[in-house]
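Visitor: Could you walk me through the side-chain contacts in this model? I'd like to begin with the aromatic residues.

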Amino acid sequence: AKVDRRQRVEELKLKVSGLWEALQVPEAHRAKFRNSTASSSKPEQSLHALELEYAQQLKLVGACVEEARQQLEEGWRELGAPEAERTRLLQRLEEVSQPESELAALRLVRAEVAALEERVDATRQIRGL
């Protein structure tokens, strides 16, 4: 059980670190969290703290994905994007929006938002807005 706990701690450290990178969590928060878990003499306390941090960061990823979806909807409306284009992306998003692949969903919507923003900007320039 002790080995499993240590393995889970290491696994969560990697996952939390990846989420921090994707969400651009300030280094001050990261350092404070690392110090608090490193100073814990009980592995179960570190594990619990990591599980809480992981859950919190996943909630933030979900909020970012939802915000990006709203940006996509607004951009699509402004461009008058065809329903097929919207459906295609939403299907791809559903495919990657599975547990343990939250970062893939975040990367996908961020890339789509960036591409759509370029199209919206180009359209606005053409229209002289």
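Visitor: Are Trp20 and Phe33 buried or exposed?

Guide: Trp20 is buried, and Phe33 is buried as well, where buried means under 20% relative accessible area, exposed over 50%, and partly exposed in between, with a 1.4 Å probe and protein chains only. Please keep in mind that this is a predicted model, in which local features need pLDDT of at least 70 and side-chain atom pairs count only at pLDDT 80 or more, while totals for chains, interfaces and linings use all residues. Residues are numbered from 1 along each chain as its sequence is written, and side-chain values use heavy atoms, with hydrogens and water left out.

Visitor: OK, and how many aromatic pairs are there?

Guide: The count comes to 1 aromatic pair, under a rule that pairs rings of Phe, Tyr and Trp (its six-membered ring) if their centres lie within 6.5 Å, with planes under 30 degrees apart counted as stacked, over 60 as edge-to-face and the rest as tilted. The ring centres of Trp20 and Phe33 are 5.7 Å apart and their planes stand at 85°, so this pair is edge-to-face.

Visitor: Which helices do those two sit in?

Guide: Trp20 belongs to helix H1 and Phe33 to helix H2 (residues 27–38), so the pair ties together parts that are 13 residues apart in sequence. Helices here are DSSP runs of H or I with at least four residues, numbered from the N terminus.

Visitor: Switching to charges, how many salt bridges do you get?

Guide: The count is 10 salt bridges, each being a side-chain nitrogen of Lys or Arg within 4 Å of a carboxyl oxygen of Asp or Glu.

Visitor: What does Glu112 pair with?

Guide: Glu112 forms a salt bridge with Arg92, and their closest N and O atoms are 3.3 Å apart. Glu112 lies in helix H5 (residues 102–127) and Arg92 in helix H4 (residues 83–96), so this contact ties together parts 20 residues apart in sequence. Glu112 is buried at 18% relative accessible area, whereas Arg92 is partly exposed at 32%.

Visitor: And what about Glu11 and Lys15?

Guide: Their side chains meet in a salt bridge with an N to O distance of 3.5 Å, and both residues lie in helix H1 (residues 2–23), 4 residues apart, about one turn of the helix. Glu11 is partly exposed at 34% relative accessibility, and Lys15 is partly exposed too, with a relative accessible area of 22%.

Visitor: Which residues are linked with them in a network?

Guide: Arg8, Glu11 and Lys15 are linked in a network of salt bridges.
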